[in-house]
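Here are my notes for when you next open this one. Have a look at the fold first, then read through the points.

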Amino acid sequence: MRGTFLVGLTGGIGSGKSTVARMLGDIGAVIVDADAIARHLTDAGGAAMPAIKAEFGADFITPEGALDRKRMRDLAFHDPAAKQRLEAIIHPLVGQTTGEQARQAIDEGHPCVVFDIPLLVESGHWRTKLNRIIVVDCDEGTQIERVMTRNGMALDVVKRIIESQAGRNIRLAAADIVISNQDVSLDSLAHEVAQLAKPFGLSLENWK
């Protein structure tokens, strides 16, 4: 019996990576969502909060006790060292939780684990741990339009986020599989995802 297939999923902001992750989950993949884990760690009572408060001070904590994400994002854009200090706190905890969730899925015999990781290419250490890397791709104009519509962010903020991520060509060069999410319907995208996922042990028979 084949073991659990390990897939890395990434893409630039606004690419539709989370949509593809949801589709893979619908056909039986266990999704390990690094962003969701990081948000949980930085919510009120999250495991990262004591260290964040000690490192950055109470000004970066909301009245509810969570990370003030807007204030931290503004600081990180203007001070790369601050971003590195934050990552030094959060990334080890995300890695620990990611590993725990993956091991549980493997122990339970799930056919496929998908690691939904925005900075998979940037991190550099995932290649040897995965059977395949999927990159969800679209052009920068589409990214900007989607994020501004979805999040209400200003154009300059979205552009700074894109610039902070690996370039499109770098992501594509790291991909084993590229899913184009440009000018396609959700139905067409779901069909493509289902076809590509068959070698991972996933099928429409598992559709939730």
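The points below go through helix packing, the nonpolar cores and a few residues.

1. Keep in mind throughout that this is a predicted model.

2. I'd begin with H3 (residues 49–56) and H5 (residues 80–107), whose axes approach to within 9 Å and cross at roughly 155 degrees. With angles over 145 degrees counted as roughly antiparallel, that crossing makes H3 roughly antiparallel to H5. The crossing of H3 past H5 is right-handed.

3. Which residues make the contact between H3 and H5? From H3 you have Ala51, Ile52, Glu55 and Phe56, and from H5 there are Ala82, Arg85, Leu86, Ile89 and Ile90. By type, the contact has 7 nonpolar residues, 2 charged ones and no polar ones.

4. Leaving out residues up to four places away in sequence, Phe56 touches Met72, Leu75, Ala82, Arg85, Leu86 and Ile89. Phe56 also turns up in the largest nonpolar core, where it is listed with Ile52 and Phe115 as having the most contacts inside that core.

5. That largest core has 32 residues. Helices H2 (34–41), H3, H5 and H6 (120–123) each give two or more residues to it, as do strands S3 (112–116) and S4 (132–137). H5 gives the most, with 7 residues. There is also a second, separate core of 22 residues, and Ala190, Ala194, Ala197 and Leu202 are among them.

6. Next, H1 (residues 17–26): is this helix mostly covered or mostly uncovered? Mostly covered, with 7 of its 10 residues buried. The buried residues are Lys17, Thr19, Val20, Ala21, Met23, Leu24 and Gly25. Their cover includes strands S1 (5–10), S2 (30–33), S3, S4 and S5, along with helix H10 (186–196). After H1 comes Gly28, with a positive phi near 115 degrees.

7. Last, Ile177, which sits in strand S5 (residues 177–180). Its relative accessible area is 14%, and the cut-off for buried is under 20%, so Ile177 counts as buried. Setting aside neighbours within four places in sequence, Ile177 is in contact with Ile133, Ile134, Val135, Leu196 and Phe200.

How values were computed:
Residues numbered from 1 in each chain as written. Predicted model: local features only at pLDDT ≥ 70, side-chain atom pairs only at ≥ 80, totals over all residues. Heavy atoms only, no water. Axes fitted to C-alpha atoms, helices over the stretch in contact; angles between N-to-C directions. Helix = DSSP H or I, 4+ residues; strand = E, 2+ residues; numbered from the N terminus. Parallel < 35°, antiparallel > 145°, perpendicular 65-115°, else oblique. Left-handed = near helix turned anticlockwise from the far one by under 90°. Contact = heavy atoms within 4.5 Å. Nonpolar A, V, L, I, M, F, W, Y, C, P; charged D, E, K, R; others polar. Buried < 20%, exposed > 50% of the residue type's maximum accessible area, 1.4 Å probe, protein only. Core = buried A, V, L, I, M, F, W, Y, C linked by side-chain atoms within 4.5 Å.
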